[in-house]
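Hi! I went through this one and jotted down some points for you. Keep the picture open while you read.

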Amino acid sequence: MRIRTLTGAVAAVLVLAGPVAGGQAVAVRTADSAAPSGETRVLTYDTGRAGEFASAVDRGAAIWNDSVDAVELRPAASGEAADIRIVADDGWPRAVPGGLGSGTVYFGREAVADGHSTVRIAAHELGHVLGLPDRKPGPCSELMSGASAGPSCRSARPDAAERAEVEEKFARAPAGMSM
């Protein structure tokens, strides 16, 4: 949902191209500039220990980036301390949040061996770091239903309620909150 960038660019063109009143450019207020709903929080993640699951984590992060405006997940730069660490292990996937927007995701191989989608696992566990609880049992259409939807479930997108919950949690988070 990266509409803000496009909206900002369109607004800039409109301001620069017209309208003009009395020789002065008149700013055109867009919905984006008229009532900002808060800044996008950039959270970094480190796949240095994610092993064979690094690309699945990148895809899971991209799904969240396309789904919500309040948060953007980016790979950490080399040497940068990441908000979210991803660690591959032989257990069951799990997240250990360290507060809203931080923590460690253990990408367990056990669920992959049982046939679960690696991208769904990544998006689900990142959902925990974004403040969402498990909602088991649940249908495949709910990302946070996790493994209870069964190994045939490939849906890795949060549903409308899950997206709204993440947006609301980050909107309520204090400005300048250390994540």
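My notes go from the whole chain down to one residue.

1. A word on the ground rules: this is a predicted model, where local features need pLDDT of at least 70 and side-chain atom pairs count only at pLDDT 80 or more, while totals for chains, interfaces and linings use all residues. Residues are numbered from 1 along each chain as its sequence is written, and side-chain values use heavy atoms, with hydrogens and water left out.

2. Start with the parts list: six helices and seven strands. Helices (H or I, at least four residues) and strands (E, at least two) are DSSP runs, numbered from the N terminus.

3. Of the 179 residues in the chain, 38% are buried, meaning under 20% relative accessible area with a 1.4 Å probe, protein chains only. Contacts (heavy atoms within 4.5 Å) reach along the chain too: among those between residues at least 6 apart in sequence, 59% join residues at least 24 apart.

4. Now find strand S3 (residues 41–49) and strand S4 (residues 71–75), which pair in the parallel sense over five bridges; pairing takes at least two bridges found by DSSP. One spot to look at is Tyr45, whose bridge partner in S4 is Pro75. Together with helix H3 (residues 54–67), S3 and S4 make a right-handed β-α-β unit: with the strands pointing away from you, the path from the first strand over the helix to the second runs clockwise.

5. Leaving out residues up to four places away in sequence, Asp89 touches Arg94, Tyr106, Phe107, Gly108 and Arg109.

Key:
Buried means under 20% relative accessible area, exposed over 50%, partly exposed in between (1.4 Å probe, protein chains only).
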